[in-house]
Amino acid sequence: MSFNLPDLPYPYDALEPYIDVATMFIHHTKHHAGYTNKLNDSISKYPDLGDKTIEELLGDITSLPSDIQTSVRNNGGGYYNHSLFWKIMSPNGGGEPSGDLMEAITSTFGSFVEFRKQFSHAANSRFGSGWAWLIVVDGNLKITSTPNQDNPLMKGLVDDVGIPILGLDVWEHAYYLRYQNRRPAYVENWWNVVNWDEVAKRFKDAL
Ligand code: MN
């Protein structure tokens, strides 16, 4: 069993000017590749794990051999989180969702503007490195955030467990080259590349 670094679904410069080409290149070929390789190194010691999916591994970390739990949490989390992150962005992104997802956002948060405000707040107020998430819990939407490479699949390890349908990387490696310390500017610009078609697909699958 091993995991492969997925290709980006667009060129490295496709998200300019909101996310710069150098950041995208380093983020994918160094950071994401590093998590992938370290995850594979860890699980290679235990062929008995069989063909578990990354979701299965992350959903039951505390049952894994104790010597690889931390590595699977950090590197498996990094593998999964970035695989999702590339897909929920697009050079043709931005704007607002439509259909069932928009209805759910409006009924949960009051309006799309209010949703954006609350999600941005979750991203900007996450101290240190981590992620902001929109998740589905028992058919309902919820905003949450996690430290490091944790994510809402990690039962028993995080505050809010659910299925992530949108995630925003707020590690400095995701924005420092262009935005330096200005995380709120990165978060504000990131809305211009959100791939709502992909988020809507994930919402439907999570119901
Ligand atoms: Mn990252």
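Q: In the hairpin of strand 1 and strand 2, which residue takes a positive phi?
A: This is a predicted model, where local features need pLDDT of at least 70, side-chain atom pairs count only at pLDDT 80 or more, and totals for chains, interfaces and linings use all residues. Numbering starts from 1 along each chain as its sequence is written, and side-chain values use heavy atoms, leaving out hydrogens and water. The hairpin has two residues between its strands, where strands are DSSP runs of E with at least two residues, helices are runs of H or I with at least four, and both are numbered from the N terminus. The residue with a positive phi, near 50 degrees, is Asp138.

Q: How many bridges join strand 1 to strand 2?
A: Two strands pair if DSSP finds at least two bridges between them. Strand 2 covers residues 140-147 and runs antiparallel to strand 1, with Gly130 opposite Pro147. The number of bridges is eight.

Q: How many of the eight residues of strand 1 are buried?
A: Buried means under 20% relative accessible area, exposed means over 50%, and partly exposed is in between (1.4 Å probe, protein chains only). Strand 1, residues 130-137, is mostly covered. The count of buried residues is seven.

Q: Is Leu168 buried or exposed?
A: Leu168 sits in strand 3. Going by contacts (heavy atoms within 4.5 Å), and skipping residues up to four places away in sequence, Leu168 touches a set of residues including Phe85, Trp131, Tyr186 and Trp190. With a relative accessible area of 0%, Leu168 is buried.

Q: Why does the pair of His82 and Asp169 tie together parts that are apart in sequence, and how many residues apart are they?
A: His82 is buried at 0% relative accessible area, and Asp169 also counts as buried at 0%. His82 lies in helix 3 and Asp169 in strand 3, so the pair links parts whose separation in sequence is 87 residues.

Q: Which side chain makes a polar contact with the side chain of Ser83?
A: Ser83 is in helix 3 (residues 66-87) and counts as buried at 17% relative accessibility. A polar contact is a pair of N or O atoms within 3.5 Å; within protein, one must be able to donate a hydrogen and the other to accept it, and residues adjacent in sequence count only if both atoms are side-chain atoms. The backbone oxygen of Tyr79 lies 2.7 Å from a polar side-chain atom of Ser83. The side chain in question, at 3.4 Å, belongs to His32.

Q: What area is buried between domain 1 and domain 2?
A: The domains are 21-87 and 99-206, with bounds from an automatic or database assignment. Buried area is the accessible area (1.4 Å probe) that two parts lose on being put together, summed over both. Carbon and sulfur atoms give 59% of the total, which is about 1900 Å².
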